[in-house]
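Hi,

Here is the structure I promised to send over.

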Amino acid sequence: MAAIWALGSLPILAVGLAGRDPVGRLQQSDHGRGMRAQWAWFLFELPALVTFPAIYLASGNLHVVGNVVLGLWLAHYIHRSLIWCWLVPKRDATVSWSMCTSSIGFNLINGGLLGWFMGYAADYPAQWLTDPRFIVGAGLFIAGAALNVWADYRLRHLRRKAVDGPVIPSGGPFNFVCCPNLAGEIIEWIGFALLTWSLPGLAFALWTVANLVPRAVWRRDWYRQNFEDFPKGRTALIPGLL
């Protein structure tokens with residue numbers, strides 16, 4: 001199931017790169033109006049916060065690596081589902097019902113596979129926390145999370161200050177790429193896949209890439225189309241490359 005889930009991300013990436021952004025500022029009218037952004041974020045992130053911990057804890061097979069992984073997971077999703085959702089700067093924005101439903105389904109499957117793996121299949125050696133894969137993965141996870149959170153709050157600050165509508169983000173990594181928040185999240189979950197060294201973790205990283213790379217490209221293109229002074233050399237995610 002985890003292998004099929006991982007492979008399912010590939011056509012999503014292809015369709016995303018060829019399609020249009022169904023969320024955010026690029027939301028298309030054919031998706032219709034939906035739920036207020038704050039409630040949508042809360043509802044479709046909540047299953048991720050609950051499912052993995054519930055399955056892992058219910059398994060009764062608690063182990064040191066699983067506990068550390070659970071702590072990292074909770075650090076991300078407590079912020080994402082209980083704090084950030086109420087700070088979304090576009091308080092009048094909506095998210096389509098189809099987007100809410102698909103996101104809830106994704107988080108249930110993703111959290112379920114990871115919870116099952118940690119509770120019923122994981123068999124890490126005692127020294128796994130000192131393994132180079134765990135150390136490098138944890139470093140990437142923390143660095144990516146820090147970049148993601150910093151960029152989100154920087155973008156929120158710039159939007160709150162704007163009085164004439166949309167702005168070109170600037171400052172720090174925003175001077176090199178237009179979506180460092182998305183880049184940070186991709187780095188974060190690649191690190192998670194590495195530190196867990198698991199197929200469900202790899203699947204999550206692939207799905208993150210499939211969802212966020214097209215979104216970053218859409219946003220870069222939107223900036224180029226709507227701002228004549230948008231820096232021509234600024235890329236979407238990776239300076240000078242993408």
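Below is what I found, starting with the ground rules and the whole chain and then going to single residues.

It's a predicted model, so local features need pLDDT of at least 70 and side-chain atom pairs count only at pLDDT 80 or more, while totals for chains, interfaces and linings use all residues. Residues are numbered from 1 along each chain as its sequence is written, and side-chain values use heavy atoms, with hydrogens and water left out.

**The chain as a whole**

The secondary structure comes to eight helices and two strands, in the order α-α-β-α-α-β-α-α-α-α from the N terminus. Helices here are DSSP runs of H or I with at least four residues, strands are runs of E with at least two, and both are numbered from the N terminus.

The C-alpha trace spans about 55 × 35 × 35 Å along its principal axes. The radius of gyration is 18 Å, which agrees with the value near 18 Å that a compact globule of 242 residues would have. That radius is taken over C-alpha atoms, and the globule rule is 2.2 Å times the number of residues to the power 0.38.

Of the 242 residues, 49% count as buried. Buried means under 20% relative accessible area, exposed means over 50%, and partly exposed is in between (1.4 Å probe, protein chains only). The chain exposes about 11900 Å², with carbon and sulfur atoms supplying 66% of that; the areas come from the Shrake-Rupley method with a 1.4 Å probe, and for residues only the protein chains shown count as cover.

As for contacts (heavy atoms within 4.5 Å), take those between residues at least 6 apart in sequence: 82% of them join residues at least 24 apart.

**The loop between α7 and α8**

Serine 198 sits in the loop between α7 (180–196) and α8 (199–226). Is serine 198 buried or exposed? At a relative accessible area of 7%, serine 198 is buried. Its side chain makes a polar contact with the side chain of threonine 196, at 3.0 Å. For a polar contact I take a pair of N or O atoms within 3.5 Å; within protein, one must be able to donate a hydrogen and the other to accept it, and residues adjacent in sequence count only if both atoms are side-chain atoms. A polar atom of the serine 198 side chain also lies 3.0 Å from the backbone nitrogen of glycine 201. Not counting residues up to four places away in sequence, serine 198 touches Phe117 and Ala193.

Arginine 133 lies over the face of tryptophan 197, 4.9 Å from the ring centre. The test for that is NZ of Lys or CZ of Arg within 6 Å of the ring centre and within 35 degrees of the ring normal.

**Aromatics**

There are 27 aromatic pairs in the structure. One of them joins tyrosine 223 and phenylalanine 227: the ring centres are 6.2 Å apart and the planes are at 40 degrees, so the pair is tilted. Rings of Phe, Tyr and Trp (its six-membered ring) pair if their centres lie within 6.5 Å; planes under 30 degrees apart are stacked, over 60 edge-to-face, and the rest tilted. Tyrosine 223 is buried at 2% relative accessibility, and phenylalanine 227 is buried at 17%. There is also an aromatic cluster whose members include Trp5, Phe52, Tyr56 and Trp207.

**Two more residues**

Leucine 74, in helix α4 (residues 64–83), is partly exposed at 26%. Leaving out residues up to four places away in sequence, leucine 74 touches Leu49, Pro53 and His79.

Arginine 154 belongs to helix α6 (residues 132–161) and is partly exposed at 25%. Beyond its neighbours within four places in sequence, arginine 154 is in contact with Ser170, Gly171 and Phe174.

Cheers
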